[in-house]
Amino acid sequence: MAELVVTRRIARYPEDSYTAERAFADGAYEGLRTALTQHTPAELIDMVKASGLRGRGGAGFPTGNKWSFVPKDLYPRYLVVNSDEAEPCTFKDRELIEWDPHLVIEGSLIAAYAIQAHHVYIYCRGEFSRGARRLNQAIADATARNCCGPDIMGSGFDCEIVVHRGAGAYICGEETALLDSLEGFRGQPRLRPPFPAVKGLYASPTVVNNVETMASLPPIVSNGVDWWRSMGTEQSPGPKMFSISGHVAKPGNYELPLGMKLGEMVEIAGGIPGGREFKVCSPGGASSPWITNLDQEMSFEALAAAKSMLGSGSVVIMDETTCAVRMALVITRFFNVESCGKCTPCREGTWWLRKVLERMEEGEGRPGDVDLMLRVCEQMLPEVGAPASGRSFCVLGDSCAWALRSALQLFGDEFREHVGSGSCPRGASKIFAGSPA
Ligand SMILES: Cc1cc2nc3c(=O)[nH]c(=O)nc-3n(C[C@H](O)[C@H](O)[C@H](O)COP(=O)(O)O)c2cc1C
Ligand code: SF4
């Protein structure tokens with residue numbers, strides 16, 4: 001069994017891992033103590049760079065590099081922890097804030113010290129009421145023990161943490177829309193550059209990092225770079241939480257070394273029930289292009305080479321009974337509903353793709369619909385397979401086209417069958433008829 005790192009305390013103390021009593025008895029904030037007493041901020045940035053830690057929020061950007069983009073001598077700086085987690089089938093950050101909020105807070109304070117930020121905002125998805133409650137309690141408990149707030153552990157470093165709850169828009173997980181939302185505006189992406197590290201919250205240098213990225217920091221500081229690098233692959237070191245769901249017997253969060261084969265993950269999650277065959281997998285959130293190879297190595301680099309992506313680590317397994325059209329519609333409909341409407345390719349493109357898929361699902365598909373949808377995808381994503389090459393203002397528009405295009409390329413015949421037979425050959429019911437937009 002692989003070593004548990006960010007979920008170690010949760011696995012060991014499933015009843016009360018989130019309480020201050022348990023967390024402090026289990027050594028919480030010792031990584032922070034080491035950071036504050038044995039390292040300068042610059043040393044910490046170098047350590048995190050050397051660890052190869054890549055952000056766990058989706059893009060897999062190297063965390064230490066991101067920190068080093070903050071301009072010297074520009075203050076104040078802010079750290080914003082992204083706990084929006086609205087990607088369908090991703091539920092790892094929620095487990096961390098609910099069951100080990102002290103680990104998230106400890107990691108956030110290490111990051112804040114490294115970039116010399118005295119204010120941290122944790123942007124928490126509005127629906128996460130238990131997570132927000134436990135985070136706030138943990139901040140109060142850590143402050144009462146001098147592990148947060150003024151002069152932390154007598155080190156002279158002051159840092160305040162505020163939990164801010166969002167109002168439930170997927171786009172507010174995109175880091176610049178998140179900053180607009182935090183400032184009190186409607187959450188819509190900002191033009192980049194300038195990037196948040198240079199001009200972010202309140203026009204000040206800001207690092208935005210994911211919850212799991214924060215939770216990875218205390219173990220790295222406590223156990224060292226070599227230990228972290230002893231897990232995972234050269235370019236994707238360490239373990240990662242995977243939210244495995246769909247047609248597996250034991251769906252849930254699994255912390256596994258990066259680079260494991262997809263087939264092994266399916267086995268760890270209990271295998272596909274009923275002896276049914278594997279059909280396809282969405283390996284990294286709804287945005288990710290689908291893959292059909294159970295031998296696929298699950299690392300940032302291997303999935304990029306396979307023209308897909310690891311994303312947030314949400315692995316959805318679909319067996320042979322899955323209707324590709326239905327699944328494509330569920331995903332496209334999500335992106336259309338969550339499109340913020342700021343730019344035309346995404347606002348119009350997701351709407352038209354949804355309309356075509358809906359008529360296909362309703363038995364009113366037209367000959368040529370598959371080619372029509374492929375053309376719309378190509379217009380949204382002119383350079384095949386190149387990430388961030390799309391015509392939309394942010395990655396949400398690209399994401400819709402990435403996922404749908406892969407479904408059309410892999411299962412074009414199944415889509416055509418829907419059109420030809422005027423219904424779903426798998427007998428899927430018309431669940432979308434009359435449902436709200
Ligand atoms: C539409 C959209 C939604 C996103 N949602 C989230 C989210 O819920 N949580 C998250 O950490 N990152 C999300 N991201 C990625 C963030 O923009 C950002 O890259 C990330 O928070 C950086 O943290 P990391 O470097 O630690 O991965 C989203 C990006 C897009 C385009
Ligand atoms: S791509 Fe979509 S979500 Fe992003 S700015 Fe454009 S309309 Fe908004």
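A residue is called buried if 20 or more other C-beta atoms lie within 10 Å of its own, exposed if 12 or fewer do, and partly exposed in between, with C-beta atoms placed from the backbone. Helices (H or I, at least four residues) and strands (E, at least two) are DSSP runs, numbered from the N terminus. This is a predicted model, in which local features need pLDDT of at least 70, side-chain atom pairs count only at pLDDT 80 or more, and totals for chains, interfaces and linings use all residues. Residues are numbered from 1 along each chain as its sequence is written, while chains are lettered from A and ligands numbered from 1 in the order in which they are written.

**Helix 4 and its two sides**

- The exposed residues Ala42 and Glu43 sit on the face of helix 4 that is turned away from its buried side.
- Helix 4 spans residues 41–51, and its buried residues are Leu44, Ile45, Met47, Val48 and Ser51.
- An α-helix has 3.6 residues a turn, so residues three or four places apart point the same way.
- What do the buried residues of helix 4 pack against? Their partners are helix 3 (30–38), helix 5 (63–68), helix 7 (101–115), helix 10 (211–223) and helix 11 (225–229).

**Domains**

- The chain is divided into domain 1 (8–229), domain 2 (239–319) and domain 3 (324–421); these bounds come from an automatic or database domain assignment.
- Between domain 1 and domain 3, the C-alpha centres are 35 Å apart.
- In domain 1, 8 residues are in contact with 7 residues of domain 3, where contact means that the C-beta atoms of two residues, placed from the backbone, lie within 7 Å.
- The side of domain 1 that touches domain 3 has 6 nonpolar residues, 1 polar and 1 charged. Here Ala, Val, Leu, Ile, Met, Phe, Trp, Tyr, Cys and Pro count as nonpolar, Asp, Glu, Lys and Arg as charged, and the others, Gly among them, as polar.

**Ligand 1**

- Around ligand 1 there are 24 residues, of which Gly55, Gly57, Gly173, Asn210 and Thr213 come nearest; a residue is near a molecule or strand if its C-beta atom, placed from the backbone, lies within 6 Å of it.
- Strand 4 (206–210) and helix 17 (395–421) are the elements that give two or more residues to this shell, and strand 4 gives the most, with 3 residues.
- By type, the shell around ligand 1 holds 9 nonpolar, 8 polar and 7 charged residues.
- Ligand 1 lies between domain 1 and domain 3, because both give residues to its shell.

- Is strand 4 enclosed or open? All 5 of its 5 residues are buried, so strand 4 is largely enclosed by the rest of the structure.- Thr206, Val208 and Asn210 point one way from strand 4, while Val207 and Asn209 point the other way.
- In a regular strand the side chains alternate between the two faces of the sheet.
- Strand 1 (residues 78–83) pairs with strand 4 in the parallel sense over 5 bridges; two strands pair if DSSP finds at least two bridges between them.
- Within this pairing, Val80 stands opposite Val208.

**Ligand 2**

- Of the 14 residues around ligand 2, those that come nearest are Cys340, Cys343, Cys346, Cys394 and Gly397.
- Helix 15 (344–361) and helix 17 each supply at least two residues of this shell.
- The shell around ligand 2 is made up of 8 nonpolar, 4 polar and 2 charged residues.

**Backbone details**

- Most residues other than glycine have a negative phi, and most peptide bonds are trans.
- Tyr75 and Pro76 are joined by a cis peptide bond, with omega about 0 degrees, and Pro76 lies in the loop between helix 5 and strand 1.
- Another cis peptide bond joins Pro193 and Pro194, with omega about 5 degrees; Pro194 is in the loop between helix 9 (175–182) and strand 4.
- Cys89 is not a glycine, yet its phi is positive at about 70 degrees. Cys89 sits in the loop between strand 1 and helix 6 (92–99) and is partly exposed, with 16 other C-beta atoms within 10 Å.
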